Structure formats: C-alpha cells, structure tokens
Amino acid sequence: MSGAVEIALTVNGEAVRRAVDPRLHLVDFLRSELGLTGSHLGCEHGVCGACTVRLDGETVRGCLVLAVQADGAAVETIEGLAADPAWDDLRAAFVARNALQCGYCTPGMLASAAELLAAGGVPTRDAIRDHLSGNYCRCTGYHAIVDAVESVARARAGAPAA
Amino acid sequence: MKAAAFRYARATSAAHAQALLAEHGEDARLLAGGQSLLAALNLRLSEPAILIDIGRIGHAAIEARDGRLRLSALATHAAIGRSAAVAEAAPMLAQAVPHIAHPAIRNRGTIGGSLALGDPAAEWPACALALNAEIVLASAARGERRVSAEDFFLGLYSTACAADEMVLAAEFPATAPNERQVCLELARRRGDYALVGVAASAKLEGGRISGLRAAFFGVGATPVLAREASRAAEGATVAEAARAAADALGRDLDPPGDPTTDGATRLRLARVLMRRAVEAMAA
Ligand SMILES: Cc1cc2nc3c(=O)[nH]c(=O)nc-3n(C[C@H](O)[C@H](O)[C@H](O)COP(=O)(O)OP(=O)(O)OC[C@H]3O[C@@H](n4cnc5c(N)ncnc54)[C@H](O)[C@@H]3O)c2cc1C
Ligand code: FES
Ligand code: FES
C-alpha cells in the first residue's frame, strides 16, 4: 500500500470507517471491503455503466471514483435501493417486461433509470435511450428496458400504458 | 484493469493545490472529476506517483457578470447544463452538454479537466475556441495569467497549461442580441466522442451572416477554427452562407482517417454540419 488513507462515509445509510489504499476504486471498496457485490465491474474505464451507483444523490461511475474521494459522502448501492419501496414499481416493470436476462447490467441500469424517472414527467423513448446510452446490456437488445422504464413513467404520471 | 499504486493528497484550496504541484512537479497529476484521469490510470496509460485531489477546493461557481460568463474549473458538465445563466449568456455551451459522455459521467466531469486535457474530439475546447474564451491559469511560482483559447490548445492532448499550473476558470464573452450560437455533432451513439462536431457563432442581421467563427472537433490534433469558411460566409444570406462555408471547408480541414471513418468521410460530415449550423442560426 502507498500510504493507506482513513475514510468515513455512509453506505446505504450505515456509517462505515476504513483505511484504504488510494488506488482502490469505489466499486472494489464496496465489493471487497463491504461485501456488497451487487455493484458490478465490466470495463473499469467508464464505458459500460455496470458500476453505476449513487454518490450524494447523483449517479456516478463507481469505477471512476476513488474510495478516498467518497470520504464524507453518502453512497447508495443496489442493495440499498432494492430495499427502497420507491423502487418497487421499477423492479416489477423490469420483471414484467423481461428487461433483464443475465442481470449483469441491471443494478447500473436501475440506478440510471431511477435518476431519469426522478426528473418527473413522461420522457420520450428517445429521451429514455439517451439517458441509458451509457449503460451497456449485452442480452436484452434494450427494447424491453425502454418498455419497462416508459411504463413506470406513464404509470407514475397517471398516463395510459403504451 | 487496476491502476498502479500512487500516493494521494487532498488539496484544501487552489493555493494549496498549486503549492503541491510546485513540490511534486512532473510526478503529480491533479484529480478533478477523474472521468478521464482515472480511466487512463485503470488502463495503465499513465502512472503518476501522486494524485492531488482538487475536488474539495470549491471553485465550482458559474457566474455571469459585466458581460462575461465565468465558469470555474470545478463546474461539472451537468451543472453547466442546468445553469440558466449559461443558457442565456452562452447558449452554445448548453447545447453542447447533452453530447458530452453520459449522465453519470457528466455528474463528475469538469470543464477545467476537459480544457486541461485538450482532447481534440471534446466539446469544451471547441466551444472555448469558437467563442474565444480566456483560460485563467495559476501557479505558485508565477501567479495568475490568462491565455486566449486560440493560444491554449497546442497539439494532441497538449495545452498552454504548464506542469506546475492549474486551470482556475474559463471566461466567455456573453452573447450579443444579434449573435447566434450553435453546437452540433455527429456520433455513432449518444454520448460517444464525436466523429465530427462543430461549435459556431455568428451575427445575423437583416438575414445576413457576419463574423462566423466555427470551431470543428474530431478533425485533427486540436480543435480547428475554420477561417476560410468564415471568409466565404461573410455578408452572405443564410442560404448562401451555409453553402459557401461548407464548400470552403476543404481549405480549412484535413481530417485524419481511422479504421472506422476515413478522412474524406469526416470532411463530408463536417460540411453537412457546417450547413446545418448556419441554417440553424436562422431558425
Ligand atoms: C465513456 C466516456 C465517454 C466520454 N465522452 C466524452 C465526450 O463525448 N466528450 C467529452 O468532452 N468528454 C468525454 N469524456 C471525458 C469527460 O468529459 C471528462 O470529464 C473530462 O474530459 C475531464 O474532466 P475531469 O474533471 O473528469 O478531469 P480529470 O479526469 O480529473 O483530469 C483530466 C486531466 O486534466 C488534468 N486536470 C484536471 N483538472 C485540472 C485543472 N483544473 N487544471 C489543470 N489540470 C487539470 C488532470 O491532471 C488530468 O491530466 C468521456 C469520458 C468517458 C469515461
Ligand atoms: S466498470 Fe465502470 S463503466 Fe464499466
Ligand atoms: S441482462 Fe445481461 S447484460 Fe443486460
């Protein structure tokens, strides 16, 4: 280690304190130090989105944030988000629409989709595709994912299903 | 892959960051949003001995004052995209944001990092060149200085920002009432680096174009100001200016090819964008 650094943060609402190697990125920290293996790693250079988590309320690439940079921050991972009732409809829609197969992309996809839905309104299918453009899925071909996100947006806005 | 080991120092102010840079010299890299640097470290394209984290020094303000729009270095792409002051004072910048990477990257990546990196396919360097922004630099040894965008981008990933200097801010002139600004690009997929892009401004008076400044990105080692296109468009009606500027581009640009897109294709796409940009000014 090149001089471990003390960090203190909250992860899914729980206070965590650790000494970390500066080069450890946030997802390796979550997976190896905390055993939170729901956040995935695909490319580790910012391209695939499998590592998407929330940092202080905004989505980030967990592979492009160092654990030391998260000192003092609030991190939310799929483990925390999955326990949040506000996500029930989004999860249910992913199941109903077959928006996952292997599931590797799903934690990141859900985090990105939730961020779009939090903006309110009913985004167009193009807007949904734009927002999810940084999240790769190698299984579904994306249509089912766009269907799922759109159906949740419509239901929340009280609009008829497409 | 995993990054090689490095040491980590958290700067508490801009002055502290400059002092750390002076102390560690070429062994150090500033860490802003990390959206290019950490990717490069993970790929082991770069192995600095120490990272100086400037994420907590403040300097993220966006201020419009006295006919200038000042974007401090740590302003994120997302914050710039949300800013009403930016949309009003420099609409080109607001138009550029949706083209920059993906939402999660825009939440972290900063304008200072993008300008300092000088990626020739990136949006902010081209916008800075089109609007002839001033880049504010600072170092412990020499204090503050200002470099115009025309003198800032020197070559591939090479800028006027010295190893012991940091970018503090970029200052853009606020748009004039008869000025039109456009940022357009063509990419294979939303958020990918541009195949070709253009950031353009001009005056539109009585249906005629004057003072066109079109900076192209993705066409060479730096963003390129299309001076011949500007000359060709001067004083022409919008339709004529669009055609003349697009025709003249062959004298401004000589884009290199890569395995997916040859140079001739890029030039053709640049002409398409030039036409669309001038036409959009009248819309
Ligand atoms: C998948 C992916 C797609 C992307 N697509 C695009 C795109 O389409 N368009 C685009 O423009 N960018 C794109 N980016 C890059 C992104 O916009 C980066 O945020 C930006 O290039 C760098 O900003 P940063 O704050 O993250 O800088 P960092 O990564 O922290 O730093 C980049 C470099 O600049 C130096 N630096 C940082 N701040 C300063 C400063 N204030 N003064 C001096 N030097 C400094 C660093 O030392 C480093 O060398 C993409 C990135 C990824 C991972
Ligand atoms: S693992 Fe982070 S973007 Fe691919
Ligand atoms: S479900 Fe397999 S990668 Fe998306």
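Trainee: How many salt bridges are counted between chain B and chain A?

Mentor: First the ground rules. This is a predicted model, where local features need pLDDT of at least 70, side-chain atom pairs count only at pLDDT 80 or more, and totals for chains, interfaces and linings use all residues. Residues are numbered from 1 along each chain as its sequence is written, chains are lettered from A and ligands numbered from 1 in the order in which they are written, and side-chain values use heavy atoms, with hydrogens and water left out.

A salt bridge is a side-chain nitrogen of Lys or Arg within 4 Å of a carboxyl oxygen of Asp or Glu. Between chain B and chain A the count is 5. One salt bridge joins the side chains of Asp71(A) and Arg10(B), at 3.2 Å, N to O.

Trainee: Which elements of chain B each supply at least two residues of the side that touches chain A?

Mentor: Helices (H or I, at least four residues) and strands (E, at least two) are DSSP runs, numbered from the N terminus. Here they are β1 (7-10), α2 (37-42), β3 (50-53) and α6 (103-106) of chain B. That side of chain B divides into 15 nonpolar, 6 polar and 10 charged residues. Ala, Val, Leu, Ile, Met, Phe, Trp, Tyr, Cys and Pro count as nonpolar, Asp, Glu, Lys and Arg as charged, and the others, Gly among them, as polar.

Trainee: What area is buried between chain B and chain A?

Mentor: The size of an interface is often given as the accessible area lost when the parts come together. Buried area is that loss with a 1.4 Å probe, summed over both parts. Here it is about 2500 Å², and carbon and sulfur atoms give 49% of it.

Trainee: Which chains surround ligand 1?

Mentor: A residue is near a molecule if one of its heavy atoms lies within 4 Å of it. Residues from chains A and B surround ligand 1, so the site is shared between chains. Of the 32 residues around the ligand, Leu30(B), Gln35(B), Leu37(B), Thr110(B) and Glu123(B) come nearest. α7(B) gives the most to this shell, with 4 residues.

Trainee: Where are polar atoms close to an oxygen atom of ligand 1?

Mentor: A polar contact is a pair of N or O atoms within 3.5 Å; within protein, one must be able to donate a hydrogen and the other to accept it, and residues adjacent in sequence count only if both atoms are side-chain atoms. A polar backbone atom of Gly34(B) is 2.7 Å from a ligand oxygen. For a polar backbone atom of Leu37(B), the distance to a ligand oxygen is 2.7 Å. Ser36(B) places a polar side-chain atom 2.9 Å from a ligand oxygen.

Conventions: Buried area is the accessible area (1.4 Å probe) that two parts lose on being put together, summed over both.
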